Structure formats: structure tokens, C-alpha cells
Amino acid sequence: MGIKIIKLQTLLDSIGEIKTKDILSQFKSLPDYSTSNRNDVEFFLHVKAIDFEKMALSTTYLVFSEYLNEHILVGYFSLANKPLLMSKKNYSKLSNNQRRLLCQNGSRTESGGYRVNSYLIGQLGKNFSEEALKTKAIDGTQLLTLAYDKVFEAKQLINARFVWLECQNNPKLIKFYCDFGFKEVIGYESENNMKVMIMKLKS
């Protein structure tokens with residue numbers, strides 16, 4: 001049983017949008033019990049991913065596992081070459097160590113904030129459909145590793161020293177990213193009221 005990563009655009013080019021949407025619809029995320037809406041990770045793949053691909057806002061990678069002679073969608077991640085923008089207020093809340101680290105790899109904005117040259121992991125999701133779970137092909141850490149490896153490949157072409165992401169203010173989720181090597185930007189929340197995690201890429 002092996003893992004195969006396919007770009008969403010490659011799938012669109014090879015089988016067309018209708019069949020691609022059928023494959024994306026097989027993705028099921030854990031429900032978000034805090035709201036009555038679909039989980040953001042599932043909503044993005046079902047509704048936004050193709051449009052974001054067409055507009056070159058992000059690149060989505062689909063992770064498949066070969067199981068019983070079929071290729072099953074077991075997860076996905078979306079990446080973007082997007083700087084982390086901090087307002088003057090958020091920048092002022094950073095510790096001296098955080099400022100010193102980030103100042104070496106970015107620039108001040110006209111409004112007094114800061115722009116950190118970086119890559120964004122916009123979405124990361126494991127497929128929790130019954131069919132995907134039967135494969136036992138991948139866990140969250142493995143999926144995040146695949147995303148990190150793709151970011152590192154991109155770094156070799158367009159240099160940036162950081163990768164960042166947003167996550168819900170959930171202790172288990174924050175610990176998951178911290179265990180991988182991300183650090184929470186203390187006192188900083190994104191426009192979506194999410195925690196911001198950042199990690200320096202290997203040189």
C-alpha cells in the first residue's frame with residue numbers, strides 16, 4: 001500500500017472538473033461541533049479549492065492511497081506563497097526574541113506593521129470517510145510532513161525562511177503543531193480570530 005500525491009490542477013487537466021468534483025466530494029472531515037456549519041477543511045475542498053486553483057491563490061495537493069486495487073483519497077493540503085502580515089498593534093505585542101527573529105526575514109510596512117516573507121499552509125485535512133479510514137494509510141503528522149516537504153521544495157526555487165498557518169484556539173491542535181516544530185505567535189490573532197503558528201524552515 002503506497003501513498004501518491006497529485007496536484008489538483010493535474011487532476012482537473014486529466015479528467016475534467018465534473019469527475020474531479022466527484023472525487024473531492026469523497027472527503028469527509030470531523031464535524032465542527034462549535035457551529036452548525038461544515039468543517040472549514042471540508043468546505044474548502046468541496047467549494048473553494050478548484051476556484052482558488054484557477055485564480056492561482058493556492059495550490060492544492062491530494063493524497064491518495066492504493067487500497068484493494070483502488071486509489072482512495074486519504075487527505076489533502078493547500079499551500080500558498082503568502083507573507084505573514086502583522087498590524088502595528090500585533091507587532092507591538094511580540095516578545096523581543098520574536099521581533100529579533102522575524103525582523104531578520106521581513107520588512108516594516110507603511111502602517112508600522114510587519115511583513116514576514118513566508119509560505120502558508122492554508123489547509124490541512126485527513127479524510128475521515130469510512131472508506132479512507134479503512135486504509136489506515138496516514139495520520140496527521142505524516143500529512144503535515146508531506147506539506148512541509150512540499151514547502152521545502154518550493155524554498156529551493158523561491159527563498160523564504162518561514163512557513164506559517166492558522167489554527168483554532170484548541171489546546172490539542174496547538175500542541176500538535178508545536179510538537180512538529182511550530183511556535184505560537186503569542187498575543188496574535190488573525191483576521192479570522194485564529195491562532196497563528198510559525199516555523200523556521202531548515203536551511
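This passage describes selected local features of a predicted model.

The cysteines were examined first. A search of the whole structure finds 0 disulfides. A disulfide is a covalent bond between the sulfur atoms of two cysteines. The sulfur of Cys167 has its closest cysteine sulfur in Cys178, at 8.2 Å, which is too far for a bond. The cut-off for a disulfide is 2.5 Å between sulfur atoms. Cys178 is likewise in no disulfide, with the sulfur of Cys167 as its nearest cysteine sulfur. Cys167 is buried, at a relative accessible area of 2%. Cys178 is partly exposed, at 34%.

Helix H8 spans residues 171-180. At its start, a side-chain oxygen of Asn170 comes to within 2.9 Å of the backbone nitrogen of Lys172. Gly181 follows H8, and its phi is positive, near 130°.

Most residues other than glycine have a negative phi. Ala56 sits in the loop that links helix H3 (40-54) to strand S2. Its relative accessible area is 66%, so Ala56 counts as exposed. Lys136 also has a positive phi, near 50°. Lys136 belongs to the loop between helix H6 (130-135) and helix H7. Lys136 is exposed, with a relative accessible area of 76%.

Attention then turned to the second largest pocket. Its volume is about 290 Å³. Strand S2 (59-67), strand S3 (70-80) and helix H7 (140-157) each give two or more residues to the lining of this pocket. H7 supplies the largest share, 5 residues. Lining residues include Lys150, Val151, Glu153, Ala154 and Leu157. Also in the lining are Thr59 and Tyr61, together with Leu79 and Ala80. Asn81, Tyr119 and Ile158 complete the list. By class, the lining has 8 nonpolar, 2 polar and 2 charged residues.

Strand S3 also holds Ser78. Ser78 is buried, with 2% relative accessibility. Its side chain makes a polar contact of 2.6 Å with the side chain of Thr60. Beyond its sequence neighbours up to four places away, Ser78 touches Phe44, Ser58, Thr59 and Thr60, as well as Leu120, Ile121, Gly122 and Gln123. Thr59, one of these contacts of Ser78, is also among the pocket-lining residues.

Ala49 is part of helix H3. Ala49 is buried, at a relative accessible area of 0%. Leaving aside residues up to four places away in sequence, Ala49 touches Leu8, Phe44 and Thr60.

Thr20 lies in helix H2, residues 17-24. The relative accessible area of Thr20 is 0%, and Thr20 is therefore buried.

Gly2 lies in the segment before strand S1 (3-7). At 36% relative accessibility, Gly2 is partly exposed. Gly2 touches Phe64, Ser65 and Glu66, again not counting residues up to four places away in sequence. Ala137 is 135 residues from Gly2 along the chain, yet their C-alpha atoms are separated by 8.0 Å.

Methods. Residues numbered from 1 in each chain as written. Predicted model: local features only at pLDDT ≥ 70, side-chain atom pairs only at ≥ 80, totals over all residues. Heavy atoms only, no water. Buried < 20%, exposed > 50% of the residue type's maximum accessible area, 1.4 Å probe, protein only. 1 Å grid on protein atoms, 1.4 Å probe; cavity = no way out; pocket = protein on both sides within 12 Å on 5 of 7 lines; lining within 4 Å. Points joined across faces, edges and corners; volume = space filled by probe spheres on them. Helix = DSSP H or I, 4+ residues; strand = E, 2+ residues; numbered from the N terminus. Nonpolar A, V, L, I, M, F, W, Y, C, P; charged D, E, K, R; others polar. Polar contact = N/O pair within 3.5 Å; in protein donor to acceptor, adjacent residues only side chain to side chain. Contact = heavy atoms within 4.5 Å.
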